[in-house]
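Colleague: I have not looked at this one before. Could you walk me through it?

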Amino acid sequence: MYKIKTYQYSIALAVCLTVAGCKTPAPEAAVTTSAPVPESFGSTTQAQDANNNTAALNWKDYFKDQNLVDLIDVALKNNQELNITLQEIEIAKNDIRVKKGLLLPTAGLRAGAGVEKVGRYTSQGAGDATTEIKPGVETPDPLGDFTISAYANWEVDIWKKLRNSKKAALNRYLATVEGKNFVITNLIAEVADSYYELMALDNQLDIVKQTIKLQTNALEIVKVQKQAARATELGVKKFEAEVLTSQSMEFDILQQIKETENKINFLLGRYPQEIKRTNNTNFLSLLPAVVTSGIPSQLLQNRPDVKQAELELVASKLDVKVARAEFYPSLDITAAIGVNAFKPSYLFTMPESLLYSLAGDLVAPLINRNAIKAEFASANARQLQALYNYDRTVLNAYLEVSNQLSKIENLQKGYDLKSKQVDALNTSIDVSNDLFKSARVDYFEVLMTQRDALEAKLELIDTKKEQLNAAVHVYRDLGGGWK
């Protein structure tokens with residue numbers, strides 16, 4: 001009776017300790033909540049229309065230059081960074097298979113052989129010495145051990161630990177897919193940027209060559225004037241220096257062209273070769289693509305980096321559930337069936353050689369749970385980190401679009417003013433040359449006029465390039481290009 005009560009008390013104590021051991025801390029709540037996305041981008045010219053968003057356009061429809069389209073098409077096939085990202089997707093996909101496999105029982109075959117010699121004066125040795133395998137046949141000494149069996153092991157997912165781990169892996173796989181889409185949008189934008197930069201450099205090179213020709217003509221004029229005693233050697237040397245400066249600038253631009261071509265070739269995953277581009281004579285007449293921004297909340301669906309951050313946040317929440325489940329008891333079921341004998345010839349003697357087993361283990365952490373607590377705390381921290389990263393990504397996406405829309409408006413105004421400046425300076429060059437020929441102005445005014453005109457023309461080309469790039473960037477920032 002006393003033994004029965006002691007046994008009952010022991011069971012009750014074990015249950016209480018198990019319940020106490022299974023007590024888990026609650027997940028840590030976020031200290032901040034995500035702020036709602038504003039209803040508009042603050043642009044004065046953009047109408048807010050959810051049904052009209054440039055991001056919905058395919059990149060082949062957005063870019064009208066066929067040479068640029070061909071370059072982007074090659075980049076999407078050969079770019080090394082994109083190919084590396086595709087392998088990351090494969091890695092994440094395999095991780096799902098690993099997590100899925102943990103949900104299923106593991107099974108295998110086992111074969112073994114061994115020999116055992118025990119002391120005669122032991123309980124096992126004494127028992128074996130007095131035991132007959134068959135009438136008149138003693139137990140062999142030493143005793144062999146031959147086994148052929150099938151075994152299985154299964155962790156029953158009673159707390160959804162394994163299922164949540166699989167869901168987390170699935171969300172991370174989807175996040176890598178969005179990461180690939182983000183690489184695509186940036187790759188398209190980078191190729192387009194470099195292409196327009198190359199066209200701008202071509203135009204700047206033409207402007208410099210025209211300026212050199214103009215300066216050379218002015219140099220010849222001042223040389224003639226010197227011979228007629230209407231100019232000095234100082235004027236001649238000043239014009240020579242200006243010509244040499246422009247010639248030096250020509251080689252600087254040629255080097256920039258080479259580097260830009262190689263940059264494009266790198267993005268296309270190929271060795272250096274000439275980049276085919278549209279005739280550069282009409283560069284200033286190119287018009288940036290018309291952009292419609294839609295509404296800010298569409299960034300949550302269109303921006304791959306926002307969707308990637310959201311999926312990472314979902315995965316981190318599941319990680320917290322997985323870490324929390326470690327505090328609960330785990331149930332393992334093991335089973336085996338096979339044959340076992342001390343001689344190979346007896347292995348298939350039934351039912352004497354048959355063996356089988358079935359067991360279930362319920363194990364719960366009770367003492368020294370510091371490692372589990374630490375992992376749970378880390379999972380909470382990673383969850384908060386993912387939340388802050390999501391908020392930051394959404395904020396950054398909104399600000400990028402807002403900046404680009406404002407830039408498009410201001411660049412257009414600046415381009416109009418810069419065009420008028422170039423027209424005025426072109427006229428001033430003709431006027432200064434006529435006045436210089438008639439000795440009504442000195443060489444210094446001619447030089448300054450030509451220099452100002454050259455700078456203004458180069459700046460105008462830069463402004464046009466920035467306009468084209470801004471249209472590319474806003475397309476990327478709205479989430480276009482990957483669809």
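Modeller: A definition to start with: rings of Phe, Tyr and Trp pair if their centres lie within 6.5 Å, taking the six-membered ring for Trp. Keep in mind that this is a predicted model.

Colleague: Fine. Which residues do ring pairs link into a cluster?

Modeller: The cluster consists of Y62, F63 and Y475, linked by ring pairs.

Colleague: And how many aromatic pairs does a search of the whole structure find?

Modeller: The search finds 7. One of them is F63 with Y475, an edge-to-face pair with 6.1 Å from centre to centre and 90° between the planes.

Colleague: Where do those two sit in the chain?

Modeller: F63 is in the loop between α2 (59–62) and α3 (66–78), while Y475 belongs to helix α11, residues 443–477. The pair links distant parts of the chain, 412 residues apart.

Colleague: Are F63 and Y475 buried or exposed?

Modeller: F63 is buried, and Y475 is buried as well. Another aromatic pair is W159 with Y328, which is tilted: the centres are 4.6 Å apart and the planes make 40°.

Colleague: What parts does that one tie together?

Modeller: W159 lies in the loop between β4 and α6 (161–227), and Y328 in the loop between α9 (304–325) and β5, so the pair ties together parts 169 residues apart in sequence.

Colleague: Switching to strands. What is the strand order in the open sheet?

Modeller: The 4 strands run in the order β1-β4-β5-β6, with antiparallel pairing. At the edges are β1 (106–116) and β6 (354–363), each of which pairs on one side only. Neighbouring strands of the sheet are turned by 20° against each other on average, direction ignored.

Colleague: How many bridges are there between β1 and β4?

Modeller: There are 11, in the antiparallel sense. In that pairing A107 stands opposite A152 of β4.

Colleague: What is the bridge partner of A152 in β5?

Modeller: In β5 the partner of A152 is A335. β4 and β5 pair over 11 bridges, again antiparallel.

Colleague: And how many bridges join β5 to β6?

Modeller: Strand β5, residues 330–341, is joined to β6 by 10 bridges, and the two run antiparallel. V339 stands opposite L354 in β6.

Colleague: Which residues form the nonpolar patch on the surface?

Modeller: L354 is one of them, with I148, I337, F348, M350 and Y356. Together they have about 690 Å² of accessible area. I148 is in strand β4, residues 143–156, and is partly exposed, with a relative accessible area of 40%.

Colleague: M350 is in that list. What joins M350 and P351?

Modeller: A cis peptide bond joins them, with omega about 0°. P351 is in the loop between β5 and β6.

Note on methods
Residues numbered from 1 in each chain as written. Predicted model: local features only at pLDDT ≥ 70, side-chain atom pairs only at ≥ 80, totals over all residues. Heavy atoms only, no water. Pairing = 2+ DSSP bridges. Axes fitted to C-alpha atoms, helices over the stretch in contact; angles between N-to-C directions. Patch = residues over 30% accessible without salt bridge, like charges linked within 9 Å, V, L, I, M, F, W, Y side chains within 5 Å. Areas by Shrake-Rupley, 256 points an atom, 1.4 Å probe, with all protein chains shown as cover. Salt bridge = Lys/Arg side-chain N within 4 Å of Asp/Glu carboxyl O. Buried < 20%, exposed > 50% of the residue type's maximum accessible area, 1.4 Å probe, protein only. Phe/Tyr/Trp six-rings, centres within 6.5 Å; stacked < 30°, edge-to-face > 60°.
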